[in-house]
Amino acid sequence: MLTVIGEALVDVVQRSSGVEAHVGGSPLNVAVGLARLDHAVQFIGRFGKDAYGESIAAHLRSSSVMVPLPPDESPTSVATALIDDDGAASYTFDLAWELPGLADHLPFMLQGTSLLHTGSIATMLEPGAADVLAAVEHAHPNATVSFDPNCRPSIIKDRDYARAQVERFVALADVVKASDEDLEWLYPGVDVLESARRWLGLGGSGGPAVVVVTRGADGPWGVTAAGEAQVDAPKVDVADTVGAGDSFMAALLSGIVDRGLAGAQNREELHAMPAEVLEGILNHAARAAAITVSRPGANPPTRAELNALGVPESRASVERQP
């Protein structure tokens with residue numbers, strides 16, 4: 001079982017051609033992306049008993065994502081995305097983020113979880129961020145932990161707080177993905193790859209095994225203890241960039257799970273991942289992001305769609321690395 005914890009929301013997308021509403025939220029998108037890649041996934045988050053909340057629940061059900069928490073009485077969170085003529089998105093948010101009583105349910109909810117993913121607003125915005133940190137600390141002895149800061153400076157404006165919070169989660173994570181924009185905002189004036197290399201050392205032997213930086217059209221780059229890898233981004237016609245990083249994250253994790261590297265019992269092997277194995281996983285994830293940007297909204301690919309774009313990465317065709 002894979003577990004994703006974080007915010008669910010509705011993206012209200014404003015274009016010159018009109019307004020549309022899409023279910024979103026970075027962690028929710030990752031959960032849906034993993035489910036579409038044929039993984040058993042549960043999503044721990046919140047949404048309200050309103051029409052937007054009903055659309056979130058239906059979206060999760062349609063992708064076979066399990067939802068252990070019922071809707072609550074607060075309004076469903078909304079992000080308004082303004083899409084410019086180049087397809088890039090800028091956001092404003094109306095958010096409610098708290099998970100009261102979650103700590104009491106963690107032993108049951110996380111039983112059998114081999115990988116826990118979190119990130120974005122959920123790890124920054126209190127009071128819910130403290131519950132997310134507690135979930136990560138609870139899961140870490142038994143599960144691979146992954147983290148994507150997906151910084152939102154329009155919500156968390158205090159850079160010093162954001163940096164401290166990000167580094168707290170990075171030190172507990174095995175797999176970290178960040179965009180170049182995240183790193184530029186967190187560490188202004190510092191080369192983004194140098195910042196990523198420094199993250200690899202946070203947390204000592206219990207810290208990250210893999211740190212990946214997405215760089216838009218320049219393609220992703222990653223680093224492990226064994227070396228570095230980078231791949232080109234596939235060339236596609238861009239509809240918009242909504243959810244591209246989340247699709248990349250889901251496929252990155254899928255590549256790790258497919259290789260039998262999820263779970264705390266495989267932490268040492270994950271830390272020893274050769275750069276050429278990372279390169280294959282980056283290619284896999286870059287293809288997923290390419291499919292997502294080629295169509296409107298946060299719409300991650302299925303495994304069949306992803307395989308059709310390049311060399312298949314199915315469970316049957318991937319051998320366990322020595």
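Reply: Here, buried means under 20% relative accessible area, exposed over 50% and partly exposed in between (1.4 Å probe, protein chains only). Helices (H or I, at least four residues) and strands (E, at least two) are DSSP runs, numbered from the N terminus. This is a predicted model, in which local features need pLDDT of at least 70, side-chain atom pairs count only at pLDDT 80 or more, and totals for chains, interfaces and linings use all residues. Residues are numbered from 1 along each chain as its sequence is written, and side-chain values use heavy atoms, with hydrogens and water left out.

Me: How many residues of helix 1 are buried?
Reply: Helix 1 spans residues 26-36 and is mostly covered. Among its buried residues are S26, N29 and R36.

Me: Which residue just after helix 1 takes a positive phi?
Reply: The phi angle in question is about 75 degrees. The residue that takes this positive value, just after helix 1, is D38.

Me: Where is T118, and is T118 buried or exposed?
Reply: T118 belongs to strand 7, residues 115-119. Its relative accessible area is 1%, under the 20% limit, and therefore T118 is buried.

Me: The backbone oxygen of which residue lies 2.8 Å from a polar atom of the side chain of T118?
Reply: T118 touches several residues (heavy atoms within 4.5 Å), including V132, F147 and F169, not counting residues up to four places away in sequence. The backbone oxygen at 2.8 Å from a polar atom of the T118 side chain belongs to I5.

Definitions and conventions:
Polar contact = N/O pair within 3.5 Å; in protein donor to acceptor, adjacent residues only side chain to side chain.
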